[in-house]
Amino acid sequence: MATTSSSTVGMGNLSSLLLPSRLGSNSGDRFFHLKATTSRFIPRTIKHAFAAARSIRASSTALVETKPDFVLDEKKLENCKNTLACPICYVPLIYNADSSLSAESAMRPNLQCRNCRKVYSGNDTHLDLTITSGSKGYGEVRPASTELFRFSLVSFLYERGWRQSFSIWGGFPGPEKEFEIIKDYLNPVLGGNIVDASCASGMFSRLFAKSGLFSLVVALDFSETMLQQCSEFIKQEENFPKEKIVLVRADISRLPFASGSVDAVHAGAALHCWPSPSVAVAEISRVLRPGGMFVATTYILDGPFAFVPLLRPLRQNVAQFSGSHIFLSNRELEDLCTACGLVDFKFTRNRMFIMISAMKPK
Ligand SMILES: C[S@@+](CC[C@H](N)C(=O)[O-])C[C@H]1O[C@@H](n2cnc3c(N)ncnc32)[C@H](O)[C@@H]1O
């Protein structure tokens, strides 16, 4: 490793699970329908994963009926003040204590934009700060690289083998080692707040919170099922510092943070999944305070891949088909950061794996 400065699924057709589709709040219903239609044809391990993924959803529902685990208490609210912002207006959200709310809703945070007056609320696991939060009639399909991670099964499998496979094919060092390198890069901003962008089931968000190195961790992802899984993992851990973490559903292209309000953004294995890396990194640059740090990991197809004919035009097709971006050189990532107003680009490589860091100018 080198560090350098510079709807229905046909019977047995499990592949249909991986097709992009619109998933709303009824995604779980479709999931159970799928289980019923395929149950005789799927191996025991997959059945087990289905059952466990169902229990994620079931226990989350049970929580709603008792006491929501996720409440923005006063201390957290104080911590998030001036950071959490309306994804439409980018102005900080204010706490909306509406006495007309039902007892259950009153236990949940209601945050309001002081500009457009839109109210954002949370469920038992996360705050929904997407632009379409609360809309009932409107939905849009995202690229496959976003939709894939909204399936309960994918969220269940993510930390149960999926993420670990990155080490085998890509040279990712694994969460503990990656965390050590991240800490080095983030040294200048330790003690501040951190956004774990596209956190999935919160592998790194949990490490950040438990490390005690940050005042607040925002675990952010577009996938509701990933955030539910993250909440499950947090509940399973004894003495987890819950007061240090907030789970937020948001789109990387429209971050719900005030400009210049974030000390650090980490994005593990996500750059290549974002619909437009440049729009996302520009958003990250917007929310970082002067001197704030961006650290991210992804993979690069260079070395022997440089000899693959037509790789450059081919990646256009991959991007159009899957929404996934293939990076071909370190230089490309440096250009991306520079184009988005970040400086002091550094990187660490191991085979296809790359970790980059860049800073918002002071
Ligand atoms: C491969 S996972 C990375 C998870 C984790 N950070 C890690 O290091 O393993 C990619 C994540 O990007 C998220 N993602 C995809 N499109 C997104 C978007 N538009 N906004 C926010 N997150 C998105 C997915 O939901 C998924 O959880």
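Guide: Start with the two faces of strand β12. Phe353, Met355, Ser357 and Met359 lie on one side, and Ile354, Ile356 and Ala358 lie on the other; all of them are buried. A residue is buried if 20 or more other C-beta atoms lie within 10 Å of its own, exposed if 12 or fewer, and partly exposed in between, with C-beta atoms placed from the backbone. In a regular strand the side chains alternate between the two faces of the sheet. The strand covers residues 353–359, and seven of its seven residues are buried.

Two notes before going on. The model is predicted: local features need pLDDT of at least 70, side-chain atom pairs count only at pLDDT 80 or more, and totals for chains, interfaces and linings use all residues. Residues are numbered from 1 along each chain as its sequence is written.

Now the wider setting. The protein chain has 13 helices and 12 strands. Helices (H or I, at least four residues) and strands (E, at least two) are DSSP runs, numbered from the N terminus. Of the 362 residues in the protein chain, 40% are buried.

Back to β12 and its partners. Two strands pair if DSSP finds at least two bridges between them. Strand β10, residues 288–299, runs antiparallel to β12, and seven bridges join them. Here Thr297 stands opposite Met355. Strand β11, residues 343–350, also pairs with β12 in the antiparallel sense, over six bridges. β11 and β12 form a hairpin with two residues between them. In that turn, Arg351 has a positive phi of about 50 degrees.

Stay with β11 for a moment. Asp344 is found in this strand. Its phi is positive, about 55 degrees, although Asp344 is not a glycine. Asp344 counts as partly exposed, with 13 C-beta neighbours inside 10 Å.

What packs against β12? The buried residues of helix α8 do, and they also pack against β9 (262–267) and β10. The buried residues in α8 are Glu178, Ile182, Tyr185 and Leu186. They cover an arc of only 85 degrees around the axis, which puts them on the same side of α8. That arc is taken from the directions from the helix axis to the C-beta atoms. On the other side, Glu176 and Glu180 are exposed. An α-helix has 3.6 residues a turn, so residues three or four places apart point the same way. The expected span is 1.5 Å times one less than the number of residues.

Among the buried residues are Met226, Leu227, Cys230 and Ile234. In helix α12, residues 311–322, the number buried is zero, so this helix lies largely in the open. Gly323 follows α12 and has a positive phi, near 80 degrees.

Next, two loop residues. Leu129 is in the loop between β5 (127–128) and α5 (144–147). Leu129 is buried, with 25 other C-beta atoms within 10 Å. Leu129 and Ala85 are 44 residues apart in sequence, but 8.5 Å apart in space, C-alpha to C-alpha. Leaving aside neighbours within four places in sequence, the contacts of Leu129 include Pro87, Tyr120 and Val248. Contact here means that the two C-beta atoms, placed from the backbone, lie within 7 Å. Ser198 sits in the loop between β6 (193–197) and α9 (203–211). Ser198 is also buried, with 25 other C-beta atoms within 10 Å. Its phi is near 55 degrees, a positive value in a residue other than glycine.

Last, an open sheet. Three strands form it in the order β2-β3-β4, with antiparallel pairing. The edge strands are β2 (93–95) and β4 (119–121), and each pairs on one side only. Three bridges join β2 to β3, residues 110–113. In this pairing, Ile94 stands opposite Gln112.
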